[in-house]
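Please read it alongside the sequence and coordinates.

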Amino acid sequence: GFTQVPNFILTKPDISVGAKLAYAMLLKYAWGDDACFPGQIKLANDMGAAERSVRTYLKELESAGLLEIAQRGLGKTNLYRLYLTIKKLPRRRP
C-alpha cells in the first residue's frame, strides 16, 4: 500500500520532520474518513520513535491546527481528526 500526504504538510516550514511523519502515519490509518484512533505505542513503533516524541509531535500538529485530538474514554485510544486542507486567506488588494 501507500499513503498520500498533502503537499502543504510536506512543505510546511513551521512543523518538524517528526510531526510530518506522525501526520503521514495518521493518514495511513485514516483511510477515507479523515479520522483514526491508533494507540501512541503503535505510532511510536511504526515511526521508530519514543512514545514521548510521538506525544510531542501530536501536540505540535494540534497546535498548528492540522489535527484535532479527542479522548474516546477511559482505557481507549484517542481519536485523531485530520485536517486535510487549509483555508486560503482572501487576496489583499494593494
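1. The structure is a predicted model. Helix H4, residues 51–63, has 13 residues and should span 18 Å at 1.5 Å a residue; its end C-alpha atoms lie 18 Å apart, so expectation and model agree.

2. Which residues of H4 are buried? They are Val54, Leu58 and Leu61. These residues cover an arc of only 60° around the axis and are therefore on the same side of H4. An α-helix has 3.6 residues a turn, so residues three or four places apart point the same way.

3. On the other side of H4, the exposed residues are Arg52, Lys59 and Ser63.

4. After H4 comes Gly65, which has a positive phi, near 75°.

5. The largest nonpolar core contains 21 residues, of which Tyr23, Leu26, Leu58, Leu61, Leu66, Leu67 and Leu82 touch the most other members. Two or more residues of this core come from each of helix H1 (7–10), H2, H3, H4 and E3. The most are given by H2, with seven residues. In soluble globular proteins, nonpolar side chains tend to be buried together.

6. What does Tyr23 touch, leaving aside residues up to four places away in sequence? Its contacts are Pro6, Ile9, Leu61, Leu66, Leu82, Tyr83 and Leu84.

Terms used:
Residues are numbered from 1 along each chain as its sequence is written. This is a predicted model: local features need pLDDT of at least 70, side-chain atom pairs count only at pLDDT 80 or more; totals for chains, interfaces and linings use all residues. Side-chain values use heavy atoms; hydrogens and water are left out. Helices (H or I, at least four residues) and strands (E, at least two) are DSSP runs, numbered from the N terminus. The expected span of a helix is 1.5 Å times one less than its number of residues. Buried means under 20% relative accessible area, exposed over 50%, partly exposed in between (1.4 Å probe, protein chains only). The arc is that of the directions from the helix axis to the C-beta atoms. A nonpolar core is a set of buried Ala, Val, Leu, Ile, Met, Phe, Trp, Tyr and Cys residues joined through side-chain atoms within 4.5 Å. Contact means heavy atoms within 4.5 Å.
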